[in-house]
Amino acid sequence: RSYPLDEIIDWVLTSAQQAAKDYHIIARYIISFNRHESFDLAARVTELAVQNRDRGIVAINLAGNEADFPAAPFQQIFNYARQNGLELTIHAGEWNNAANISEAILEYHAARIGHGIHVFDDPELVSLARERQTPFEVCLTSNLQTGAIKDIKQHPILKMLAAGLNVTLNTDDPSISGITLSDEFKLAYNLLGISLNNLVNITLA
């Protein structure tokens, strides 16, 4: 609706900080931009993230269509963010092969990987991710809805856990998927048979 970006960020931070206070939780924030959007927009978003570090923004995130839009054009932004105290997360290995995950970890120094379900395409990458305990933001429902997987029971999360990877469970976009995080945990337990002990470890991760 063409609201100024700085106002939108202020609204979100103000509301989230109040919710954190009301419900006695610690909340930190990641500001995201998409691969298919312009470099200038991503640069503006990143600058606003840097300006709001003292309000709880801790990272920037690159999301969107990795098959058609590479991460390379945003490297300057990644460097700027890291130089100014922000971490980096990158959605990689959801649609394309493991090379995108390797690139995110080794070239761009991503602290977390969104999705990463193609990690097993490269055994050396599995070893690297396990050694570094790179967190993978696994999103069961989203992966099914986008067609990244064809059947929830074929999701590689069980294999990821068995391989000792640092797996977390996430909603990706709860408003689009029509779910809560509790729904993802129920799905993991009821359909995939992930044990309560594993769910505890996922929560701690």
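Modeller: A definition before anything else: two strands count as paired if DSSP finds at least two bridges between them. And keep in mind that this is a predicted model.

Colleague: Fine. How many bridges pair S3 and S4, and in which sense, parallel or antiparallel?

Modeller: Strand S3 (residues 87-92) and strand S4 (residues 112-115) are parallel, with 4 bridges. Alanine 92 has histidine 115 in S4 as its bridge partner.

Colleague: Which helix makes a β-α-β unit with S3 and S4?

Modeller: Helix H4, residues 99-107. The unit is right-handed. From S4 the chain then crosses through helix H5 (residues 123-132) to S5, and that β-α-β crossover is right-handed too.

Colleague: How many bridges join S4 to S5?

Modeller: There are 2, and the strands run parallel. S5 covers residues 135-138. Glycine 114 sits opposite glutamate 137 of S5.

Colleague: And what stands opposite glutamate 137 in S6?

Modeller: Threonine 168. S5 and S6 are joined in parallel by 4 bridges.

Colleague: Zoom out. What is the strand order of the sheet?

Modeller: S1-S2-S3-S4-S5-S6, an open sheet of 6 strands with parallel pairing. Strand S1 (29-34) and strand S6 (166-169) are the edge strands, each pairing on one side only. From one strand to the next, the twist averages 25°.

Colleague: Is histidine 115 buried or exposed?

Modeller: Buried. Its relative accessible area is 1%, and the cut-off for buried is under 20%. Histidine 115 lies in strand S4.

Colleague: Where is glutamine 133, and what is its phi?

Modeller: Glutamine 133 is in the loop between H5 and S5. Its phi is near 55°, another positive value in a residue other than glycine. Glutamine 133 is partly exposed, at 37% relative accessible area.

Colleague: New topic, the surface. Which residues make the nonpolar patch?

Modeller: Tyr3, Ile8, Trp11 and Val12 make a nonpolar surface patch of about 380 Å². Tryptophan 11 belongs to helix H1, residues 5-22.

Methods:
Residues numbered from 1 in each chain as written. Predicted model: local features only at pLDDT ≥ 70, side-chain atom pairs only at ≥ 80, totals over all residues. Heavy atoms only, no water. Patch = residues over 30% accessible without salt bridge, like charges linked within 9 Å, V, L, I, M, F, W, Y side chains within 5 Å. Areas by Shrake-Rupley, 256 points an atom, 1.4 Å probe, with all protein chains shown as cover. Salt bridge = Lys/Arg side-chain N within 4 Å of Asp/Glu carboxyl O. Right-handed = clockwise from strand over helix to strand, strands pointing away. Axes fitted to C-alpha atoms, helices over the stretch in contact; angles between N-to-C directions. Buried < 20%, exposed > 50% of the residue type's maximum accessible area, 1.4 Å probe, protein only.
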